[in-house]
Amino acid sequence: MVVENELKRYTELAESAVAKYSVSYECRQKKLFDAVNYSLLAGGKRLRPVILLAMCEAAGGNCADAEAFAAGLEMIHNSSLIHDDLPAMDDDDLRRGRPTNHKVYGEATAILAGDVLLVRPFEIMADNAATPGQVKAMSVIARAAGQEGMMGGQQVDIECEGRHASEETIIYLNTLKTGALFRAACNAGVLIAGGSEAMLRAADEYGRMLGLAFQLVDDLLDNNAEADTGKTKGSDIAAGKSTYLSAYGEERCRGMVDECTQRAAAALSPFGERAEFLKELVIMLKDRLR
Ligand code: GRG
């Protein structure tokens, strides 16, 4: 298996799932449709749907059964990016190398676009939830997005701004803010495939380690002037945010990335060879640091 080809295949599947469930037509509220699609169809790595689809196949399932869930998860991620960039939150001007949603459409429309991208997923997932595993996947995704997941993490992050946060708090907030959607991608993939309990446990651990590695890499890249992140550089530091980098320093963060990568790969053993792509994917994430 050539990992780049597999990444391309899953990314294309994710891209077509997102396109399939995106909507645009002439109507009075066309500006809202445009604002939604400005963010949703603006690229991005599509990592969360890629992971969901790959996990579904690794557990013996079929990507066709997972596409609405993959698209829904990517929409929720995009919703969070739009809201995160707003002046009331991170107040960012740049996302994916382009002006942020509110810079183009105004704050009020950007808020609504984020809201649409949080509601639409549950419409498309409900319309496509035919099995108990798919219904459970929808619930897992909802919980991961909400107050016990990403939104909860964002709340703790906001409260920590400009203050010294303990290591435990930094881990807590990142586990929720960034990690919850990655974990949900992994668990949902296995649930949709009807995988075993052992697979679910393995997927959960893989998601936990991948989420941690991803945030560590993100913090390190935010601090690297040469890395192309499509975002304003050093914005976390400028905002007085508590990050892994501010807590542990670069060397320790790099060591933690290595450890998480190894633990993520080790967690995949119940899937055997079918998880080869997922194993390589964490290594590719780590290689973004080069
Ligand atoms: C309205 C759903 C909703 C949430 C409100 C704003 C908020 C609560 C949460 C913010 C969560 C957030 C933005 C976490 C950061 C996660 C992160 C590192 C995003 C970057 O992910 P990539 O690199 O982005 O996968 P691309 O652009 O590739 O999609």
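The second largest pocket draws at least two lining residues from each of α7 (132–145), α9 and α10, and α9 gives the most to this lining, with 8 residues. Helices and strands here are DSSP runs, numbered from the N terminus, with at least four residues (H or I) for a helix and at least two (E) for a strand. The model is predicted, so that local features need pLDDT of at least 70 and side-chain atom pairs count only at pLDDT 80 or more, while totals for chains, interfaces and linings use all residues. Residues are numbered from 1 along each chain as its sequence is written, and side-chain values use heavy atoms, with hydrogens and water left out.

**The second largest pocket**

- About 400 Å³ of space lies in this pocket, and of the 18 residues that line it, V140, R143, R183, N187 and D204 are the closest to its centre.
- A pocket is an open set of points, on a 1 Å grid over the protein atoms alone, with protein on both sides within 12 Å along at least five of seven lines, whereas a cavity is a set of points where a 1.4 Å probe fits but cannot get out; lining residues have an atom within 4 Å of a point.
- Grid points are joined across faces, edges and corners, and a volume is the space filled by probe spheres set on the points.
- By class, the lining of the second largest pocket has 7 nonpolar, 5 polar and 6 charged residues, where Ala, Val, Leu, Ile, Met, Phe, Trp, Tyr, Cys and Pro count as nonpolar, Asp, Glu, Lys and Arg as charged, and the others, Gly among them, as polar.

**The largest pocket**

- The largest pocket has a volume of about 1,100 Å³, and among the 45 residues that line it, H77, S80, L81, D84 and R95 are the closest to its centre.
- Two or more residues of this lining come from each of α3 (47–58), α4, α8, α9, α10 and α11 (235–238), with the largest share, 9 residues, coming from α4.
- Sorted by class, the lining of the largest pocket has 11 nonpolar, 15 polar and 19 charged residues.

**The ligand**

- The space taken by the ligand is the largest pocket, and a molecule sits in a pocket or cavity if more than half of its atoms lie within 2 Å of its grid points.
- The ligand is surrounded by 21 residues, of which K45, R48, H77, H83 and R96 are the closest; a residue is near a molecule if one of its heavy atoms lies within 4 Å of it.
- α4 (63–85), α8 (150–160), α9 (167–193) and α10 (197–222) are the elements that give two or more residues to this shell, and α4 gives the most, with 7 residues.
- The shell around the ligand divides into 7 nonpolar, 8 polar and 6 charged residues.
- A polar side-chain atom of K45 lies 2.6 Å from an oxygen atom of the ligand, and for R48 the corresponding distance is 2.8 Å.

**Cavities**

- The structure holds 4 cavities of 30 Å³ or more, and the largest cavity has a volume of about 130 Å³.
- Of the 13 residues that line the largest cavity, Y38, S39, R95, R96 and N101 lie nearest its centre.
- The lining of the largest cavity takes two or more residues from each of α2 (30–40), α4 and β2 (98–99), and its largest share, 4 residues, comes from α4.

Key. A polar contact is a pair of N or O atoms within 3.5 Å; within protein, one must be able to donate a hydrogen and the other to accept it, and residues adjacent in sequence count only if both atoms are side-chain atoms.
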